[in-house]
Amino acid sequence: MEVSFSKEIESLRMGAGETFHGEGILAITKALLQSGVAYVGGYQGAPVSHLLDVMVQAKPYMDELGVHVEACSNEASAAAMLGASIHYPLRGAVTWKSIVGTNVAADALSNLSSPGVTGGALIVVGEDYGEGASVIQERTHAYALKSTMCLLDPRPDLGKMVDMVEHGFRLSETSNMPAILELRIRACHVRGSFECKDNRPPAISTRELMEEPAAFNYDKLAHPPVTFRHEKLKSEERIPAARRYILEQQLNELMDGPRKDLGIIVQGGIYNSLIRALQQFGLCDAFGQTEIPILVLNVTYPLVPEQVAEFALGKRAVLVVEEGQPEYIENEIATFLRRRDINTPLHGKDMLPSGGEYSVEVVAAGLAAFLKRYATDVDTSSATGWLQGNAERRSAVGKQIAEQLNQPLPARPPGFCIGCPERPVFSALKLAQQDVGPVHIAADIGCHAFGTFAPFSFGHSILGYGMSLASRAGVSPMMARRTLSIMGDGGFWHNGLLTGVQSALFNGDDAVLLIFKNGYTSATGTQDIISTPSDDAKFNARDKLQSLTDTNKTIENTLQGLGIKWLRTVHTYNVEEMRQTLNEAFTTQFNGLKVIVAEGECQLERQRRIKPWLAGLLKKGKRVVRVKYGVDEDICNGDHACIRLSGCPTLTLKDNPDPLKVDPVATVIDGCVGCGLCGANAHAATLCPSFYRAEVIQNPKWHERLLGSVRGALVRVMQPA
């Protein structure tokens, strides 16, 4: 990976007496080292990618501490790493994006939770929740409940988050339960400071090895009949031990206030939103001094019945602020109160929405309903006016834009990077379907999922990372034409090789698989994978566009070794060749799995690598040639088929310079990286010949300067006066 985390790595070395300043997820990374973690693993994903990225790049420092770091092939393999903590007093931490990552890891987590752990086991999950999330809207809370794992949801304050990491390990060791540390995207990126402690090298580590393995103990296996005893241990020993620790260490915080007849119970992770909402009603200041008492649940499972009951007792009403659905916490609190015959009115989802992110405005609207019923002395007009004003301003802005454009503002979903090697493949697929007809396309998770947006709109399903080939298994036998499955090289190694390719070969399925081989798991931050080109290859091919990923044939060799008979590798920017290859795959007489490897390095990684190199050449006064593409506006006929075929952000429209023509013409704006897709599309689709390719030479040789002067003079002579 070309992105450098050198500054972040230096902050990991900070010790006692120093103050850390930075983002929440980096603070969590530092907290792991302060807690004496022995091993760290995981799979990348927003918003926790930097935890593993930083530790992987900090391997020399990790070696000094004796901490083992492993970038895992998927979340299941990461969760299985925690098996080290079953027998041994090793503190281990793994990380991934939830809920999709927790779904993948669920089997290993269940079998880890059954025997329980000896060393602290901490799972750091990024709860990418809400309308802006890139995952399905579900909650990690369900997994904590079903598998009996502690669930920590710390208040988004760096000091509290760091403390909860240490307490997470201790809570896990005290209760023998794995602990999940849930971090919303706002918590991961919140900035602040905390007082550092010295990093603790683990007692057992890569530098201090164990001489002998643990003795065999059948009770430590997740295997019947001992699993029946595990179930009893969970309810009779582990949960009570966890609750005692939560109370003794005061992990949940009581923020007291003068209005003791009311109360609010809130998940720690959305505490900041609650405080900001209370400020709108004049019930709290910027430092968190609240008038209504608040019970902050930094541990949302297990809840402590006595603590909840004591908080609710004697109050006229309690509001539970719980993001997401179902309302696990609210229902459990209601059960606690009913069993103790405490009749305090309990509100939550009746005043707050069931789904969606609990932003400040959402929480404020719920508070308004709560206060209107139970605190009529509070003047809510200012807050409701603020909410109404926000709504009116949004409406006014939308109306103004609509009037200027004579239509609503078009949606602007995310899309491929400029020069992305995956865009030309979708252009070729668009052309291929003109030849063979529409085909069922099983899409997948990854950058290529942007192909589901205009101008391509390809994809009938997305069922999991690397699951596209498996997901078409029920469709292809019922379809007259062959189906197409799309996955990236990251998805191929994550899951697709076994659940898709192996299954299709075993069953003799007749289908087409397209693998994007861009060299990285690009959608999660361009981390290296087994098919990433070597550093030597990157250096030797830094000025070449199409040949870099040719140097690593791991995917092709794996497919051939598994028994794939029909295999083609095509450079993605060769649109016509890709079109012909797709046509062949859809129409060949060969009956079986056909695999097309679309080869083209991630453009973002390529630009990160070559831009500093080119800048260095220019600084030394050396000759540099840059390719630029453009459109001859005199030839462009204004039908815009080129734009509909590629969707490149740098290929856009401008007013026609010819006053006799109304239609705007295509133009290539600044930002073009010279991938050549526009010209390749024009050739493959037989579009108008308006595209041109030019070479911009910086620091030219003397004969090039002379030739340029001669050419310029000739052009001026030939131009009309």
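At 24% relative accessibility, Phe-450 counts as partly exposed, a class that lies between buried (under 20% relative accessible area) and exposed (over 50%), with a 1.4 Å probe and protein chains only. Phe-416, by contrast, has a relative accessible area of 9% and is buried.

A word on the background: this is a predicted model, where local features need pLDDT of at least 70, side-chain atom pairs count only at pLDDT 80 or more, and totals for chains, interfaces and linings use all residues. Residues are numbered from 1 along each chain as its sequence is written, and side-chain values use heavy atoms, leaving out hydrogens and water.

Rings of Phe, Tyr and Trp (its six-membered ring) pair if their centres lie within 6.5 Å; planes under 30 degrees apart are stacked, over 60 edge-to-face and the rest tilted. By this rule there are twelve aromatic pairs. Phe-416 and Phe-450 form an edge-to-face pair, because their centres are 5.9 Å apart and their planes stand at 90 degrees. Ring pairs also link Phe-416 and Phe-450 into a cluster with Phe-426, Phe-453, Phe-456, Phe-458 and Phe-516.

Charges sit over rings too (NZ of Lys or CZ of Arg within 6 Å of the ring centre and within 35 degrees of the ring normal):

| Charged residue | Ring | Distance to ring centre |
|---|---|---|
| Lys-315 | Phe-311 | 4.6 Å |
| Arg-568 | Trp-566 | 4.1 Å |

Now to helix 11, residues 226-248; helices are DSSP runs (H or I, at least four residues) numbered from the N terminus. Helix 11 bends by about 45 degrees at Lys-234, the angle between axes fitted to the seven residues ending there and the seven starting there. Lys-234 is also one of the buried residues of helix 11. Just after the helix, Gln-250 takes a positive phi of about 50 degrees.

Terms used. Helix = DSSP H or I, 4+ residues; strand = E, 2+ residues; numbered from the N terminus. Expected span 1.5 Å × (residues − 1).
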